[in-house]
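Here is a walk through one model, helix pair by helix pair, with a stop at a cavity. Please keep the structure in view as you read.

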Amino acid sequence: MRDTDQDKPFIAEPPSTPSRWWALVIIAMAQLMVVLDATIVNIALPSAQRALGISDTSRQWVITAYTLAFGGLLLLGGRVADLAGRKRTFMTGLIGFAAASALGGAAHAPGMLFTARALQGAFAAVLAPSALSLLTTTFTDLKERSKAFGIYGAIAGGGAAIGLITGGLLTEYLDWRWCLYVNVPIALVAFTGAVWLLHDHRPSRADRPSLDIPGVLLGCSGLVALVYACSEAQPHGWTSRLVLGLLSGGAVLLAAFAWWQTRAPSPLLPLHVIRDRNRAGSFVTMALTVIGMFGMFLFMTYYLQVVLGYSPVRTGLGFLPLTGALVLSSTQLSARLLNHLPPRMLMVPGTLLVAAGLFLLTSLPVEPAYASHVLPSEILVGLGMGLVFMPVLATATAGVPPRDSGVTSATVNTSQQVGGSIGTALLNTIATSAASAYVATTPGPRAVVVKQGIVHGFHVAIGWGAGIMLLASLVAGLMVTARAPKHQIAARGAAKSSGMCDCPPSS
């Protein structure tokens with residue numbers, strides 16, 4: 001498929017049903033690559049640190065460089081997708097991400113690896129919103145849309161667990177560099193498929209609003225400051241001058257960004273996107289859910305490897321039940337029920353299931369307890385996440401004008417990315433503080449008390465995570481008041497037939 005004239009709108013014919021599902025495969029491959037890359041490097045980090053001679057104080061930049069660029073540039077990436085065309089930015093993001101991954105895999109010095117990770121994050125900020133907005137414009141039939149979002153929701157929720165599994169296998173049986181090289185063939189296959197299978201409307205020059213440069217500077221700088229503050233909270237603490245300064249600066253920049261968006265002729269984030277009650281509720285529910293659950297991935301990785309002595313591969317495989325439950329819940333429960341139930345009737349039970357799964361881990365013993373505690377918790381969390389992510393994504397992107405679908409998709413991804421940064425930093429700080437206090441006040445053999453202190457810290461932090469999930473349930477129940485999609489369409493059709501509705505078309 002070839003774009004014809006730079007100044008004329010290009011509208012592709014809607015793809016046939018088989019082509020749409022192959023297009024979903026391409027979109028899913030790209031999204032999986034972006035999501036799992038946030039965790040796949042975690043397991044490889046010790047090996048990379050030894051190989052490149054990275055200091056303990058600098059090693060966090062392997063993770064931070066990616067999250068800073070990804071979280072900070074998402075709004076810009078989403079708006080660029082709206083302006084330049086989503087297929088074009090999707091393909092650009094794929095090639096850039098593959099090239100950055102190859103650079104990181106070939107790194108021979110710490111600075112080269114840090115640079116590659118930052119470039120990965122920058123291209124992911126273009127790729128992720130393009131993928132989600134392509135999904136919303138490709139699947140317009142209600143039944144097909146639910147199935148597509150079920151698959152996409154499974155990837156969005158399970159990508160972190162899949163990254164841990166993949167990272168363990170690659171690190172143990174090949175080399176840490178393959179945790180980066182693996183993206184190259186995936187991106188090339190997705191790029192080839194995108195050329196033939198993806199269809200998109202590229203706006204004409206007259207329909208393209210100018211890029212909001214002040215909004216870019218304020219919004220991206222504010223997000224970078226917020227994400228960086230969360231990453232520095234782990235080594236320095238939440239009360240350090242650096243962290244407080246970054247949090248204050250980020251809050252001021254984001255407040256200035258919100259003020260400017262009310263006055264900008266072509267705002268980076270049109271405020272009508274977040275003024276919608278259901279969409280705003282979905283953004284907040286997404287952020288809180290990710291904050292609450294990210295602690296589980298972090299602490300269970302430490303529990304399995306440090307406390308129980310599991311290998312990286314065995315640790316990764318230990319997360320398979322969670323991934324399986326999430327895929328089952330997203331594709332078989334959420335996808336089938338969303339058409340018939342209001343979104344909050346899935347979100348609220350889902351968040352409660354996750355909270356129950358996390359609460360079970362607050363009694364985790366120091367002795368091996370995978371079958372009695374970890375496995376039931378993973379199944380509950382996986383089932384709950386499948387009920388949450390799919391309706392959140394579908395509700396957040398429903399009814400958005402095509403010209404704003406990219407920036408709306410970017411806002412969903414920003415909620416997830418910033419939520420992950422806050423959750424990792426907040427819950428890790430709580431865990432380490434509780435562990436230190438336990439070790440300092442508990443008598444006994446040092447090695448035994450330290451291990452008990454680590455697990456006690458997990459108990460406290462995961463308890464906080466369960467509480468945050470209850471808050472997410474409350475937000476979803478009170479803010480997301482949309483009816484079931486098929487009831488919305490029926491009501492809209494009846495209103496239009498009577499001439500009483502001036503509603504936008506269903507997405």
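At what angle do helix α13 and helix α15 pack, and how far apart are their axes? Helix α13 (residues 320–337) and helix α15 (residues 370–397) pack at about 35°, and their axes are 7 Å apart. A word on the basis: this is a predicted model, in which local features need pLDDT of at least 70, side-chain atom pairs count only at pLDDT 80 or more, and totals for chains, interfaces and linings use all residues. Residues are numbered from 1 along each chain as its sequence is written, and side-chain values use heavy atoms, with hydrogens and water left out.

Helices (H or I, at least four residues) are DSSP runs, numbered from the N terminus. Axes are lines fitted to C-alpha atoms, for helices over the stretch in contact, and angles run from 0 to 180 degrees between N-to-C directions.

α13 passes α15 in a right-handed crossing. Right-handed means that the near helix is turned clockwise from the far one by less than a right angle; anticlockwise is left-handed. Among the contact residues are L322, L326 and L333 of α13 and I379, L383 and L387 of α15. Contact means heavy atoms within 4.5 Å. By class, this contact has 15 nonpolar, 5 polar and 1 charged residues. Ala, Val, Leu, Ile, Met, Phe, Trp, Tyr, Cys and Pro count as nonpolar, Asp, Glu, Lys and Arg as charged, and the others, Gly among them, as polar.

Turn to helix α2 (residues 61–84) and helix α16 (residues 405–441). Their axes come within 7 Å and cross at roughly 170°. That makes α2 roughly antiparallel to α16, a term for angles over 145 degrees. The contact includes F70, G71, R79 and D82 of α2 and T411, N413 and Q417 of α16. It has 5 nonpolar, 10 polar and 2 charged residues.

Next come helix α3 (residues 86–105) and helix α7 (residues 183–197), which pack at about 160° with axes 9 Å apart. α3 and α7 are therefore roughly antiparallel. Their crossing is left-handed. K87, F90 and F97 of α3 and N183, A187 and F191 of α7 are among the residues in contact. The classes here are 13 nonpolar, 2 polar and 1 charged.

Last, the cavity. A search of the whole structure finds 1 cavity of 30 Å³ or more. The largest cavity has a volume of about 40 Å³. On a 1 Å grid over the protein atoms alone, a cavity is a set of points where a 1.4 Å probe fits but cannot get out, and lining residues have an atom within 4 Å of a point. Grid points are joined across faces, edges and corners, and a volume is the space filled by probe spheres set on the points. The lining includes V41, W176 and C179. α1 (17–52) gives the most to it, with 3 residues. By class, the lining has 8 nonpolar, no polar and no charged residues.

Key. Helix = DSSP H or I, 4+ residues; strand = E, 2+ residues; numbered from the N terminus. Parallel < 35°, antiparallel > 145°, perpendicular 65-115°, else oblique. 1 Å grid on protein atoms, 1.4 Å probe; cavity = no way out; pocket = protein on both sides within 12 Å on 5 of 7 lines; lining within 4 Å.
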